[in-house]
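Trainee: I would like to learn how to read helix packing and aromatic pairs. Can we work through an example?

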Amino acid sequence: MIEIPTNNSDQLTYLALGDSYTIGEGVSDSGRYPNQLVAKLNSETEKIWSTPKVIAQTGWTVEELEKGINRAAIEGETYDLVTLSIGVNNQYRGLPISKFNEEFENMLLQAISFAAANTNHVVVLSIPDWGVTPFAAKSERNKSKIADEIDAYNRLKSKICEKHGVTYIDITAQYRSFGTQPDMLAADGLHPSAKMYGLWAEKLFEKVQLINY
């Protein structure tokens, strides 16, 4: 593969695309996983990373993320790392998974373009199973149905990532283990706490530190 240079100079750059899990609903900016990842990279590697650019909002589906990217007007810009965490709101709203299939692949291709067409610099996170949370219990949601649907979404995401040679990180199993613990959740009993995001940042760090920059 021909390496296409990115538009950074002294500091490496990071674009985080997603929804509430990326914007860090209920936590401070420093508690978000993109910010925790950069802090860890800056303290434990020789490379220097700038503050991550985050394009994400609570409630966003893939289609809404696409609109958010367009509003951000970053077409033509490239980054040394791009992460993508999306899909939970497609599942939550009961949108057709066939629609997600096409939309996610298009979004992944867009993420790859932001990484200067270098698939080694793109990482996708699986969808956490929010069905294990107190929020889901209070709303009397069917936990088994949620789990089955999220598994189906994640199988699709993993398959598309494999097709395009992009790293896929499973955080779902871990979330199912810890997502019932109060200290792993924000005050709303649904979104992750900074402590939970720290576990995601650790998984990302393991991959990112191996990338040749």
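This is a predicted model: local features need pLDDT of at least 70, side-chain atom pairs count only at pLDDT 80 or more; totals for chains, interfaces and linings use all residues.

Mentor: Start with the residues where two helices touch. Ile97, Phe100, Asn101, Phe104, Glu105, Leu108, Leu109 and Ile112 in α5 meet a set from α7: Ala152, Tyr153, Leu156, Lys157, Ile160, Cys161, Lys163 and His164. By class, this contact of α5 with α7 holds 11 nonpolar, 2 polar and 3 charged residues.

Trainee: At what angle do α5 and α7 pack, and how far apart are their axes?

Mentor: Helix α5 covers residues 97-114 and helix α7 covers residues 143-164. They pack at about 40°, with the axes 10 Å apart. That angle makes α5 oblique to α7. The roughly parallel class needs an angle under 35 degrees.

Trainee: Which hand does the crossing of α5 and α7 have?

Mentor: The crossing of α5 and α7 is right-handed.

Trainee: What about α3 and α5: at what angle do they pack?

Mentor: Helix α3, residues 62-72, packs against α5 at about 30°, and the axes are 9 Å apart. Angles under 35 degrees count as roughly parallel. So α3 and α5 are roughly parallel to each other. α3 passes α5 in a left-handed crossing.

Trainee: Which residues of α3 and α5 meet?

Mentor: From α3, they are Val62, Glu63, Leu65, Glu66 and Ile69. From α5, they are Lys99, Phe100, Glu103, Phe104, Met107, Gln110 and Phe114. The contact of α3 with α5 divides into 7 nonpolar, 1 polar and 4 charged residues.

Trainee: Now the rings. What describes a pair of aromatic rings?

Mentor: Two values: the distance of the centres and the angle of the planes. The structure holds 10 aromatic pairs. One of them is Trp49 with Tyr213, 5.2 Å centre to centre and with 85° between the planes. This pair is edge-to-face.

Trainee: Where in the chain do Trp49 and Tyr213 lie?

Mentor: Trp49 is in the loop between α2 and β2, and Tyr213 is in the segment after α9. They are 164 residues apart, so the pair links distant parts of the chain. Trp49 counts as buried at 4% relative accessibility. Tyr213, at 25%, counts as partly exposed.

Trainee: How are the planes of Phe100 and Tyr153 set?

Mentor: That pair is tilted, with 50° between the planes and 4.7 Å centre to centre. Phe100 sits in helix α5 and Tyr153 in helix α7, 53 residues apart. Phe100 is buried, with a relative accessible area of 0%. Tyr153 counts as buried at 4%.

Trainee: Which residues do ring pairs link into a cluster?

Mentor: Tyr21, Tyr33, Tyr175, Tyr197 and Trp200.

Notes:
Residues are numbered from 1 along each chain as its sequence is written. Side-chain values use heavy atoms; hydrogens and water are left out. Axes are lines fitted to C-alpha atoms, for helices over the stretch in contact, and angles run from 0 to 180 degrees between N-to-C directions. Helices (H or I, at least four residues) and strands (E, at least two) are DSSP runs, numbered from the N terminus. Angles under 35 degrees count as roughly parallel, over 145 as roughly antiparallel, 65 to 115 as roughly perpendicular and the rest as oblique. A crossing is left-handed if the near helix is turned anticlockwise from the far one by less than a right angle, and right-handed if clockwise. Contact means heavy atoms within 4.5 Å. Ala, Val, Leu, Ile, Met, Phe, Trp, Tyr, Cys and Pro count as nonpolar, Asp, Glu, Lys and Arg as charged, and the others, Gly among them, as polar. Rings of Phe, Tyr and Trp (its six-membered ring) pair if their centres lie within 6.5 Å; planes under 30 degrees apart count as stacked, over 60 as edge-to-face and the rest as tilted. Buried means under 20% relative accessible area, exposed over 50%, partly exposed in between (1.4 Å probe, protein chains only).
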